[in-house]
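Subject: Structure for your review

Dear colleague,

Please find below the structure that I am handing over to you. My notes on what was found in it follow directly after it.

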Amino acid sequence: MKITFLGTGVAVSLAEKAQQSILIEDDRLVLVDCGFGTMLRLQQAGYDVTDLDAVVLTHFHLDHCGELMGILKARWLSGAGKLKIYAPKGAESFHNSFLSASPYLLGKLDFGVLELEDGERFMIGSMRFEARKTRHSLESLGYVINGVLISGDTSAFPELYEDVEVTVHEMSLDFGGRADYHTSPENLAENAESVREAYLIHLYPPAYGNREKIAEFLRKKGVAAEFPDDLEVLSL
Ligand SMILES: [Zn+2]
Ligand SMILES: [Zn+2]
């Protein structure tokens, strides 16, 4: 399984970072989240929106789904077929409100939405997905994909890491951050006991400036942490 970090940023502007977007490639090409900057990064990584087989969304904050309609429109203009979208509850109303605000797209975008429950398992090609409810400020899911957890936005809690050793995880908060809806270094270390490798993304500026200390802290807790940049590739 090949993971390309298209966007490793957050909801505020950061130089060199698109908002969250992760491309997973096996016998299918799947985009997990598509914040602003996704389409540009997809091209830079050598792909086109028409290559996508599915989009899987963690939640409906704009830094995770802002370019979804742009992707659907680009696929329509390029003559691509139906795109399958997997998402938490709220997907239908998100799409309907967007389309009612942009009536020129009504009947043109070709997609099917599957709203997922906590614990739901599904396959995309030969890739095994399991949706796990996360703790965020609105309905949200993380996904375990062939054993690798993509956390989406969440605070860390033990059940999220069941049978997980490798994670692509958010680290929004710096040391001492209040981990109600997002993750801090201490919060991850206390809850992710089984995790050995963490690829940390979605860092707000205070945490981003403290990457070395965060890596050192987690290393002492038995977790090897890395901070991938946009367009880095990981083969697992
Ligand atoms: Zn969020
Ligand atoms: Zn976010």
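Ser 151 counts as buried, because its relative accessibility is 1%. The residue is found in the loop between β10 and β11. A polar atom of the Ser 151 side chain lies 3.0 Å from the backbone nitrogen of Glu 170. Please keep in mind throughout that this is a predicted model.

Ser 78 is located in the loop between α3 (68–77) and β5 (83–87). Ser 78 counts as partly exposed because its relative accessibility is 45%. A polar atom of the Ser 78 side chain is 2.7 Å from the backbone oxygen of Ala 74. The C-alpha atom of Ser 78 is separated by 40 Å from that of Ala 207, and these two residues are 129 residues apart along the chain.

I turn next to the metal ions. Which residues are the protein donors of the zinc ion (ligand 1)? They are His 59 through NE2, His 61 through ND1, His 136 through NE2 and Asp 153 through OD, and they lie 2.1 to 2.3 Å from the ion. Along the chain, these donors follow the spacing H-x1-H-x74-H-x16-D. The arrangement around the zinc ion (ligand 1) is irregular because its four donor atoms subtend angles of 93 to 164°. For comparison, a tetrahedral site would need all angles to lie between 85 and 135 degrees.

His 64 and Asp 153 are both buried.

How far apart do the zinc ion (ligand 1) and the zinc ion (ligand 2) lie, and which residue bridges them? They lie 3.5 Å apart, and Asp 153 is the bridge.

The aromatic residues deserve a section of their own. The structure holds six aromatic pairs. In one of them, the ring centres of Phe 5 and Tyr 199 are 6.5 Å apart and the planes meet at 35°, so the pair is tilted. Phe 5 belongs to strand β1 (residues 2–7) and Tyr 199 to strand β12 (residues 197–201), so the pair ties together parts that are 194 residues apart in sequence. Phe 5 and Tyr 199 are buried.

Tyr 86 and Phe 122 form a stacked aromatic pair, with 4.6 Å from centre to centre and 10° between the planes. This pair links Tyr 86 in strand β5 with Phe 122 in strand β7 (residues 121–124), 36 residues apart. Tyr 86 and Phe 122 are both buried. Together with Phe 129 and Tyr 143, they form one aromatic cluster.

Two arginines also lie over aromatic rings. Arg 135 lies over the face of Phe 157, at 4.0 Å from the ring centre. Arg 211 lies over the face of Tyr 208, at 3.9 Å from the ring centre.

Finally, how many disulfides does a search of the whole structure find? It finds zero. The sulfur of Cys 34 has its closest cysteine sulfur in Cys 65, and because the distance is 6.5 Å, the two are too far apart for a bond. A disulfide would require the two sulfur atoms to be within 2.5 Å. Cys 34 counts as buried because its relative accessibility is 0%. Cys 65, with a relative accessible area of 1%, is therefore buried as well.

Yours sincerely,
A colleague

Note on methods
Residues are numbered from 1 along each chain as its sequence is written. Chains are lettered from A and ligands numbered from 1 in the order in which they are written. This is a predicted model: local features need pLDDT of at least 70, side-chain atom pairs count only at pLDDT 80 or more; totals for chains, interfaces and linings use all residues. Side-chain values use heavy atoms; hydrogens and water are left out. Helices (H or I, at least four residues) and strands (E, at least two) are DSSP runs, numbered from the N terminus. Buried means under 20% relative accessible area, exposed over 50%, partly exposed in between (1.4 Å probe, protein chains only). A polar contact is a pair of N or O atoms within 3.5 Å; within protein, one must be able to donate a hydrogen and the other to accept it, and residues adjacent in sequence count only if both atoms are side-chain atoms. Donors are N, O and S atoms within 2.8 Å of the metal (3.2 Å for Na, K and Ca); water is not among the atoms, so sites may look incomplete. Four donors count as tetrahedral if all angles lie between 85 and 135 degrees; four count as square planar and six as octahedral if opposite donors are over 155 degrees apart and all others between 65 and 115; anything else is irregular. Rings of Phe, Tyr and Trp (its six-membered ring) pair if their centres lie within 6.5 Å; planes under 30 degrees apart count as stacked, over 60 as edge-to-face and the rest as tilted. A charge sits over a ring if NZ of Lys or CZ of Arg is within 6 Å of the ring centre and within 35 degrees of the ring normal.
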